[in-house]
Amino acid sequence: MIGWILLALVVLLAAVLLLRTLAFRPRKEELPAVTPAEVDGDAVLNHLAEMIRCKTVSYYDKSLEDEGEFEKFRALLKTLYPAVHKACTLDRVGPSGLLYKWKGRSDKEPTVFMAHYDVVPVERELWEKDPFAGIIEDDVLWGRGTLDTKGTLCGVMESAEALLQQGYVPENDIYFAFAGDEEVAGLSAPAIVEELRKRGIVPALVVDEGGAVVENVFPGVTRPTAVVGTAEKGMTTVEFLLEGQGGHASAPPVKTPVGMLAKAVCTVEKKPFRFQITKPVAEMFDTLGRHSNFLFRMIFANLWLFKPVLNLICRISGGELNALMRTTVAFTQMEGSKATNVIPPVARIRANLRLCGQDTVDSAVAYLQQVIGEEKIRVHAIEGSNPSAVSTTDCEGWKKLKNAINQTWPEALVSPYLMMACSDSRHYSTLTDKVYRFSAMALSKEERGMIHGNNERVPAGTMVKTVQFYLRLMGQC
C-alpha cells in the first residue's frame, strides 16, 4: 500500500513539473516599428578617435594624473558638438563633473544620460597598437576607453548634436552627466547627484554603463540577449591581519602566520556565502528561462524544487552564474616577510568582495570572522559600499529603454539582470528607482575581456548602433 502511495506521489510530482514546464513559455511581444536613424559611421569613429587621444587616465594618487589631458578633453567636446553647447547649459560640478541641461517642453519627467571620460591605466608593452593614438584600421578604432566609456559618451553627444541640428525639442528636460573620476570611485558623480537634489530633480529615467547585447551567457538560450542592470552588487576590500612575534625561520613555531592565513583562505573558499536569488535575478530567470531549452526551463519553472540543484551548479561552475547568486570572495593580495629566512611579525591577506542581496559590508566581515574560527586573525573592511537599491521594471522609463533596444537590436531578448561591477549610477538610487545600467553595444566575450584589459577596440558598426540607440531613446524623452 505504501509503495502505491509513493508511486502515486512520484507520478503526481512528475505531472506537476511537466505542466509547469510546458506553461513556462515565452510571452508574446510585438516588436515596435523601427524609427529611421541615419548615422555617419566614419564621422562618429573619427570623433571618438579624437577623444581617445586625450589621455584622461585617472589614478587614486592624483599627482600621477595629467590635468591638461582632462582639460583637453573638455575643450574637445565644445569643438565637436557646437549645437549641444549652444542649446544646453553646462555646469562644472565637483572635481571633474560635467552637467549639461537640455531644456524640454516640460520638467516633470527628466532623463539623465550618464558616462565617464576617465580611463584606467594601460601596460603599453602588452598592446598591439598605441592605446592613445586613436588608430583606425579596417573600420576598427583601437584605444583605451573605446568601450569604457568614451564610446557611449560619444554616442550620447553624437545623438544630441544630430537631433538639435534637426530642430528636435524633447518633451522633457534631458541631462547629460559625465564624470572624470569614475574609475577611482571619485567625488564627481555624488556631487552631481547632490546638485540635482538641490534643484529638486527626480529623474524618470537614468541610463548609465552596465550590461550589453551579449550571446551565450544564459544556460540554454541561443538568441542574443540585451541585459540591463536594474541593480548592482556592493563592493568591499577586506583584510585578514595576523600580528605575532616573528622570528628566525630556522626554528619555526607549529603554526606560522602565513600558514594560519593560508588555512583561513582555504576555509573561506570551501564555505561560500549563502545562495540568494535577488529580484533582478528572479526577473532574469523569468524572462530568459522561458527561452531556454527544455531541461533548463524545467529548472527555472520549478525553482521551489530545484533551487538546491541550481545552488550546487553555481558552486561547482563558479564564474558569472555563481556571482549572480551570492557574495563572492576573490583573494588578491598577500604580504608577509621581506626576507625568505624571517618569519613575519605581521602578515596580511586582502580580498575583494562583491556583496549580493541582503549582505552588507558589516555582515560580510562578521561572517568571514566566524567562518575562519581563529581569534588571532582579525578581519576588517578597508573600504566598501553596500549593494544598490533595485530599480523597477514597471514604469514608462523601462518601456522607453526596452523600445529603443528592440528597435536597434530586434533579434535580442531584453532582460533585467544584476550587475556584478560597480558604477557611478549607484549614487542615483537615492534620487529615483528608475536607474538602468546598459552599455549600448553588442559585445562578444573577447570584446568584454578588453574592458580594463589589453587591445581595447571598437568596430565602426558597433558605434553606429550605439548612436542609433541613443537617437531612438532621446526621441522618446
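Biologist: How do the residues lining the second largest pocket divide into nonpolar, polar and charged?

Modeller: The lining of the second largest pocket has 9 nonpolar, 4 polar and 10 charged residues. Bear in mind that this is a predicted model.

Biologist: What volume does the second largest pocket have?

Modeller: About 560 Å³.

Biologist: And which residues lie nearest its centre?

Modeller: Arg27, Glu29, Thr287, Lys402 and Val414 lie nearest the centre, out of 23 residues that line the second largest pocket. The elements that give two or more residues to this lining are helix H8 (279-288), helix H13 (396-408) and strand E15 (413-419).

Biologist: Which element has the largest share of that lining?

Modeller: H13, with 4 residues.

Biologist: Now the largest pocket. How much space lies in it?

Modeller: About 1500 Å³. The largest pocket is lined by 46 residues, and the closest to its centre are Arg354, Met419, Met420, Ala421 and Cys422.

Biologist: Which elements give two or more residues to the lining of the largest pocket?

Modeller: There are strands E7 (205-214), E9 (234-243), E13 (346-355), E14 (377-385) and E15 (413-419), along with helices H11 (319-325) and H14 (445-450). E7 gives the most, with 5 residues.

Biologist: What about that lining by class?

Modeller: 20 residues are nonpolar, 14 are polar and 12 are charged in the lining of the largest pocket.

Biologist: Switching to cavities. How many of 30 Å³ or more does a search of the whole structure find?

Modeller: The search finds 1. The volume of the largest cavity is about 60 Å³. Its lining has 13 residues, with Met114, Ala115, Ala177, Ala179 and Asp424 closest to the centre.

Biologist: Which elements give two or more residues to that lining?

Modeller: Strand E3 (106-116), strand E6 (172-179), helix H6 (188-198) and E7. By class, the cavity lining has 8 nonpolar, 1 polar and 4 charged residues.

Biologist: On to helix packing. At what angle do the axes of H2 and H3 cross?

Modeller: Roughly 160 degrees, for H2 at residues 41-52 and H3 at residues 67-80, and the axes come within 10 Å. H2 is therefore roughly antiparallel to H3, since angles over 145 degrees count that way.

Biologist: Is the H2 crossing of H3 left-handed or right-handed?

Modeller: H2 passes H3 in a right-handed crossing.

Biologist: Which residues of H2 and H3 meet?

Modeller: From H2, His47, Glu50 and Met51; from H3, Phe73, Leu76, Leu77 and Leu80. In that contact of H2 with H3, 5 residues are nonpolar, 1 is polar and 1 is charged.

Biologist: And H5 with H15, at what angle do they pack?

Modeller: H5 (residues 150-165) and H15 (residues 460-474) pack at about 55 degrees, and their axes are 8 Å apart. H5 is therefore oblique to H15. The crossing of H5 and H15 is right-handed.

Biologist: Which residues make the contact between H5 and H15?

Modeller: H5 contributes Gly151, Thr152, Cys154, Gly155, Val156, Glu158, Ser159, Ala160, Ala162 and Leu163. On the H15 side there are Met463, Thr466, Val467, Tyr470, Leu471 and Met474.

Biologist: How does the contact of H5 with H15 look by class?

Modeller: The contact of H5 with H15 has 10 nonpolar residues, 5 polar and 1 charged.

Notes: Residues are numbered from 1 along each chain as its sequence is written. This is a predicted model: local features need pLDDT of at least 70, side-chain atom pairs count only at pLDDT 80 or more; totals for chains, interfaces and linings use all residues. Side-chain values use heavy atoms; hydrogens and water are left out. On a 1 Å grid over the protein atoms alone, a cavity is a set of points where a 1.4 Å probe fits but cannot get out, and a pocket is an open set with protein on both sides within 12 Å along at least five of seven lines; lining residues have an atom within 4 Å of a point. Grid points are joined across faces, edges and corners, and a volume is the space filled by probe spheres set on the points. Ala, Val, Leu, Ile, Met, Phe, Trp, Tyr, Cys and Pro count as nonpolar, Asp, Glu, Lys and Arg as charged, and the others, Gly among them, as polar. Axes are lines fitted to C-alpha atoms, for helices over the stretch in contact, and angles run from 0 to 180 degrees between N-to-C directions. Angles under 35 degrees count as roughly parallel, over 145 as roughly antiparallel, 65 to 115 as roughly perpendicular and the rest as oblique. A crossing is left-handed if the near helix is turned anticlockwise from the far one by less than a right angle, and right-handed if clockwise. Contact means heavy atoms within 4.5 Å.
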